[in-house]
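Hi,

Here is the structure I promised to pass on to you. Please have a look, and my notes follow just below.

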There are 2 protein chains.
Amino acid sequence: MRVTTIHGPGDIRLEDRPEPRITEPHQAVVKVVAACVCGSDLWPYRGENPVDVGSPIGHEAVGVVEEVGAEVRDFAPGDFVVVPFVHCDNTCPHCRVGATSACVNQGFTNGGQGEYFLVHQADGSLVKTDGMPDEALVPSLLTLSDVMATGWHAAVSAGVRPGSTAVVVGDGAVGLCGVLAARELGAERVVAMSRHEPRQKVAEQFGATDIVAERGEEGEQRILELTDGIGADAVLECVGTNGAMRTAFKVARPGSTVGFVGVPHGVELPVRQMFGKNVGLAGGMAPVRTYLPDLLERVVSGRIDPGLVFDATMPLDEVAEAYRAMDERRAIKVLLRP
Amino acid sequence: MRVTTIHGPGDIRLEDRPEPRITEPHQAVVKVVAACVCGSDLWPYRGENPVDVGSPIGHEAVGVVEEVGAEVRDFAPGDFVVVPFVHCDNTCPHCRVGATSACVNQGFTNGGQGEYFLVHQADGSLVKTDGMPDEALVPSLLTLSDVMATGWHAAVSAGVRPGSTAVVVGDGAVGLCGVLAARELGAERVVAMSRHEPRQKVAEQFGATDIVAERGEEGEQRILELTDGIGADAVLECVGTNGAMRTAFKVARPGSTVGFVGVPHGVELPVRQMFGKNVGLAGGMAPVRTYLPDLLERVVSGRIDPGLVFDATMPLDEVAEAYRAMDERRAIKVLLRP
């Protein structure tokens, strides 16, 4: 089968590899219907994370169950499933309180940018649709495997409530989904920090009420002006850099929380400022499975359309170009079809 | 009047200074009935914070209103008042959402270890008792000016709920009050980390169900054993050192929150661990005024007796000895009588 592999910074290849085989009875093999490139895939692509040379890559996918292990009860070949990028048994003590991304039997989608991949703890991890979904729904369903659930986690972690003023730092696909999540959770005002016109447009489609194009101190100043010097009730940090985190804490009002979902790279948290302002930090790797039933319902009912984050679709054969397009910010997010 | 001043590390003096005078109409002068030494006073005393040579010190006090400014409406000379160490107007946008320690008209008690001191924003800051309180209540009322409210803030920030397992890192007076707060908020199990027998005793009086005397990795290991490897539902960090913070994050279960109230000294937050485990951090300088009405009711009704943290009472003249006793851990907390 064909699967995307990474060999070094900038070196993405589509290779032939053996199809995955079930080795434990809780696993399933999923045949990919749609996959995509994640902002976090760009860290190794840009040489900012170490690369395991030749390893399969890709963790966002939806597809059809191809085969299940002997212990899998709730899924059968032919089921259309959303696969959370982090797999879980959904029964362990962490899962029971919703911390499914810290499951004691944690696993990950690996090689999702391919034709088939293995799901661990299939019964706990997978969520299926009611029959085969309409083709038009596939992009939105695909976002539920990571990016939309991650934006949702940012908003939940930041404590967005009805009437909140929320600020979203980062206009990648996660940040844009954060805008949508904040609106769904009732935020009255959502400020999207975005310099790029196509992203500003999606932010507005997702319900952003204000766009701040300035960055750094200028952007922080602008947000303080927009909030009468008070700051935001909730801040979603959707980048993972020190600069983004700095901005997040600057614009957060005293007593509020920064919800963070960008994998931290070189971040030093301003602990004295957090103490003095009583601004908390919450979030981390999104417990996708926890949010899935609710998000699936919102997508299937047509209430939200997070698939709008995909501004390009390419055949899997062009995966290297998909990475380039995202790296060069020519695309917000590229959907891949095997 | 006599007031305590600090002149350098280890150099505490009782000096004669002019009585404070009202310079703005929102102020009041309070005559001290009881004051005390705070753990945070020990930072400059130990040379770990810079010292403003000769400056008055002390921020925890209760007393009787001596004089009020022209704009003060709700208080009059003779009122017995609890004075939050951080003053606030209780009407600004931050105060309105409970973040009273970040009031735009913020002030601080200064020279509380003396005979008289000035309160800013008296109407917003002060809370009075119904007539003169029983002498036996004075120690508990005194704790409401900082230490009990700060322990409460740790528990609230950590998200302690009915049924929670809470761990309290730090057995200073704040940590002990954190134990009491966690129980009041419904924690079923409260683990106090304490090596010192007199403090262990108070922790137990305050409702600790388990005592862990080990520190560092050994203590962390012990708590993981006590919680079946899961970790605590809520962790109260009541010290402010890097070691205490490290322990707090180690024993916090995924998805939980560390509530921190120890003024951070040399703390580096483990942002990658926070991300991976989804453990948040919340807290900071306690919004004492926000909690005061509730805490006052709990004290006056006899429901809680946080005054037990005082294991020594000294006349103000012996304030230097009070500092020594706390510095050398001969006393948990010393109450001072002018």
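The two copies meet through the same surface, because 100% of the interface residues of chain A are also interface residues in chain B. This is a predicted model, in which local features need pLDDT of at least 70 and side-chain atom pairs count only at pLDDT 80 or more, while totals for chains, interfaces and linings use all residues. Residues are numbered from 1 along each chain as its sequence is written, with chains lettered from A and ligands numbered from 1 in the order in which they are written.

Next, helix α12 of chain A, residues 319-327 (helices are DSSP runs of H or I with at least four residues, strands runs of E with at least two, numbered from the N terminus). Its buried residues are A:Val319, A:Ala322, A:Tyr323 and A:Met326 (buried means 20 or more other C-beta atoms within 10 Å of the residue's own, with C-beta atoms placed from the backbone). They fall within an arc of 100° seen down the axis of α12(A), so they line one face of the helix (the arc is that of the directions from the helix axis to the C-beta atoms). Just after α12(A), A:Arg329 takes a positive phi of about 60°.

Best wishes

Conventions: Contact = placed C-beta atoms within 7 Å. Buried ≥ 20, exposed ≤ 12 C-beta atoms within 10 Å, placed from the backbone.
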